[in-house]
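Hello,

Here is the structure for your files. My notes follow below it.

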There are 2 protein chains.
Amino acid sequence: MLLATPHPKTAVNSQLWTALGVRMDRPPCYAGGFMANKIEARLARGLRDLLPEEMIQRQWMIDTIRGVYELYGFSPIETPAVEFLDVLSGSAGEEAQQGLFRVTNPEDEALGLRFDLTVPLSRVVSQHELPLPFRRYQVSPVWRADKPAPGRFRQFTQFDIDSVGAPSEVADVEIMAAMCDTLEALKVGGYIVRFSSRKILNLLLAYAGIEGDQGTEVFRVLDKLDKIGLDKLKLELGPGYKDESGAPIRGLGLEDTQISSIVEFLGTKGETRTEVIAKLHSLFATVEGAKTEIAEIEAISNHLEALGYGSDRVMLDLSIARGLAYYTGPVFEANLTDAPEFGSVFAGGRYDNLVTRFGGPAVPATGASMGVDRLLAALTHLKRVQTSKTMAQVLVSTMDASLTGEYLALTQELRRAGIRTEIHVGRPKKLGKQLQRADRLQIPYVLIMGGDEAARGVVTVKEMEVGREQADAVTDHEEWKEARFGQQEVPRTELVATLKRLLKI
Amino acid sequence: MLLATPHPKTAVNSQLWTALGVRMDRPPCYAGGFMANKIEARLARGLRDLLPEEMIQRQWMIDTIRGVYELYGFSPIETPAVEFLDVLSGSAGEEAQQGLFRVTNPEDEALGLRFDLTVPLSRVVSQHELPLPFRRYQVSPVWRADKPAPGRFRQFTQFDIDSVGAPSEVADVEIMAAMCDTLEALKVGGYIVRFSSRKILNLLLAYAGIEGDQGTEVFRVLDKLDKIGLDKLKLELGPGYKDESGAPIRGLGLEDTQISSIVEFLGTKGETRTEVIAKLHSLFATVEGAKTEIAEIEAISNHLEALGYGSDRVMLDLSIARGLAYYTGPVFEANLTDAPEFGSVFAGGRYDNLVTRFGGPAVPATGASMGVDRLLAALTHLKRVQTSKTMAQVLVSTMDASLTGEYLALTQELRRAGIRTEIHVGRPKKLGKQLQRADRLQIPYVLIMGGDEAARGVVTVKEMEVGREQADAVTDHEEWKEARFGQQEVPRTELVATLKRLLKI
């Protein structure tokens, strides 16, 4: 069932796999002796299987997103799940590593599972000599050993795009445009991309007379606005307050005039980006260098306008703070307007110090990450994804072993015509059982052919949905058993054409 | 750059991510203080990055394989990378687990990274109540802490299909047909699927008078035939021998008559499956139950024939042993005839005791696994994959900042037309540098538009390949610098049509 290693010519650590029962290509479940000790089939905390129903939706999502990103010229990369612990956690130390899944190889190196795709990207850019700009996408699982909760898992999938070595504001425009195009392609319904810039926030610091490290603290508090509201925000910027549980929330101790300036800034709103920009110019009229910084936002806004992304889709929202030391320029996030409770489904921004951690010079970069699981949860909640429990569109049922060759030929003919077809390979069961399974899996069509039909050159096509509706209208069990709901006889020669028409392919 | 967790509403283990610098959505590389300690950008032993050139090929392969499997009605699943150690290793014990990457979560449970996709499948089937037959595919990385070697890595990708709850020989036929269809779709050139059956091998044991556990040992030795050749095989079945290094290879101690019977069996060959089957009937004429067992192989062969898979593609090869206790019926593998040195690119068979390890009843199953990395290595070796270093088909170069809006509009127009287009977002560079990068990345077309061209409503399209050929013919450096190799002016209104024609889309 499996191939041992990518290359068979090289020596294999064969004792180990032999002990596991994997003699080159045999999994250990068949190693001798285990039959005596039954093992419980279970998963560790916070992990889950994705069965076909969920996977089919996810694959559609991922394929769709890929399609958009590839049109933008982003190229795929993949990095190993396992990274060195110091690469992952920087100098954040022992305590910080508790949130990681630790990994040990036979060499006993200190390793862990990646918790995002940005750290691996920064390693890749540092380690390989890549022509810049390097524009990549990566869709991969990440692992975080958080406390599990309903709907929150310790392995989940992120889909990132980034342009590395991209100082131009056009790169930021592109990320936001790609966010819009992706959400349109996924048919999510209403959405809004909101953006601001760390540079504008720095103007605010100058305007409010906030200096040094305190600026970072202010951004951290601003980022909580959506969650805590303006009143608590003001308290947290000032003296602090006690939360509902009575726990003290430390305040930053800003002066009242400073807090007023921040509130004034947060109140700078407008119907359009142009309006907000005009207000910014007047608000920061006295701040040194404000014109230049605002001009960058203005350029971004103009580019978006030229491309048809108006303020109804991409909003300049000064309350967007996202990140502390990390972001250095534009920051953006996207929310579904019909499901705001799911939070941002996309988030990103410009970060110009990506590779300095590995000793390289600063490299300007910008990008965004989509939470595939979160968006799928939101779309499922909104009933905006088509669910399907199997890829099969047609089941060829089997009722007469002597016709197996016919059934197989029929199956092959449909597959060759691009119809996803399954043939019954289970226990030889009565037709009713096969139909039951097709019903449970929501396979739309079942083909039925007995000796009589084969002789007459016809096949019975049963439309499961129609059959279900007709059957639902019946109350008598005997009648139900006898009726041939949703069935029609189709000449063998017209079968492919009929199914293609029914399936609209 | 990332979304913290699939669901924002639930409480987050925020102290940990804060310590890591991931305050909800910030990667730890930006945590304070790390700047002082540079970390080396590196990967642990046996791991590698897949950069765009390799990934683009792999994705094409994976998409192609997926297409075939979905036509067969197989549906995708995904299981977590991390499994309980006892689930992975059964009762094979401590020593056996050395080949695994061990994983630790905060609860200090004994976990590991999966080393194949069959064990997780068996867990899934045991754990979830699934309608049988359950037909799934899974394409996922697996991890094995083998001794690394050139071209052999500790993380690699497998692509498995399996039909679980599928006692019918039709299920086996389908797996082999899917193997053929996949290799055809991947345009691998010559290939051969070879199959046999554990049931035929059991007839051999009866014929040769080999009993009990020794049968399993015989199969293990038979499996080495391709590698060691017939002479050594005979020695290993008998008294044993010393290998080239002088190390003793223990023999099974079979009697000469038994070895002769095995050699006689291995010599049972024929041009067609029918011929081999006829010879089998005569060889095992005296063996009890032989007729029934051979009839199953005969049915498989007939089904294959009816579907058009002749002996030239699917060969009945009695030397195929594959597996010991694991397989219970047909076994199969596929090789590329032009690159036999890469070994089997596909392998599989029937295993009817899948879930017994977890205490369930025996469930008949059959399937196959493709080694994506191995096949890609073989196809690359055979130069049968089209390589490409980027997804971008067109680069819109930028030379005049005042035309940025025009460049963006151009870019968007091409993308909307389905042309994968990149706009220069790097440092404002001279055109030559932008062309150099396009050349290095093998982007086929570069668009050039200065103020003069914009005013005249034209765009210059540079065909990089043509330009390279023309430039190669030039020896004078000054001439090289001045010439506009492979360039043509195209009216702005005809640009999309021109590029679509050039790109054949």
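First, a term: two residues are in contact if their C-beta atoms, placed from the backbone, lie within 7 Å. Helices (H or I, at least four residues) and strands (E, at least two) are DSSP runs, numbered from the N terminus.

The model is predicted: local features need pLDDT of at least 70, side-chain atom pairs count only at pLDDT 80 or more, and totals for chains, interfaces and linings use all residues. Residues are numbered from 1 along each chain as its sequence is written, and chains are lettered from A and ligands numbered from 1 in the order in which they are written.

Helix H9 of chain A

This helix spans residues 256–266. Its buried residues are A:Gln258, A:Ile262 and A:Phe265. Buried means 20 or more other C-beta atoms within 10 Å of the residue's own; exposed means 12 or fewer; partly exposed lies in between, with C-beta atoms placed from the backbone. The three sit on the same side of H9(A), because they cover an arc of only 60 degrees around the axis. That arc is taken over the directions from the helix axis to the C-beta atoms. The face turned away from the buried side carries A:Asp256 and A:Thr257, which are exposed.

Chain A overall

Chain A has 505 residues, and 52% of them are buried. It holds 18 helices and 18 strands. Take the contacts between residues at least 6 apart in sequence: 65% join residues at least 24 apart.

A:Ile175

A:Ile175 lies in helix H5 (residues 169–185) of chain A. It counts as buried because it has 25 C-beta neighbours inside 10 Å. Neighbours within four places in sequence aside, A:Ile175 is in contact with A:Ile161, A:Gly348, A:Thr366, A:Gly367 and A:Ala368. From A:Ile175 to A:Val193 is 18 residues in sequence and 11 Å in space, C-alpha to C-alpha.

Strand E7 of chain B

E7(B) covers residues 191–197. Five of its seven residues are buried, so the rest of the structure largely encloses E7(B). Two strands pair if DSSP finds at least two bridges between them. E7(B) pairs with strand E11 (residues 330–336) of chain B, antiparallel, over seven bridges. There, B:Phe195 has B:Phe332 as its bridge partner. E7(B) also runs parallel to strand E10 (residues 314–316) of chain B, joined by three bridges. In that pairing B:Val193 stands opposite B:Val314.

Best wishes
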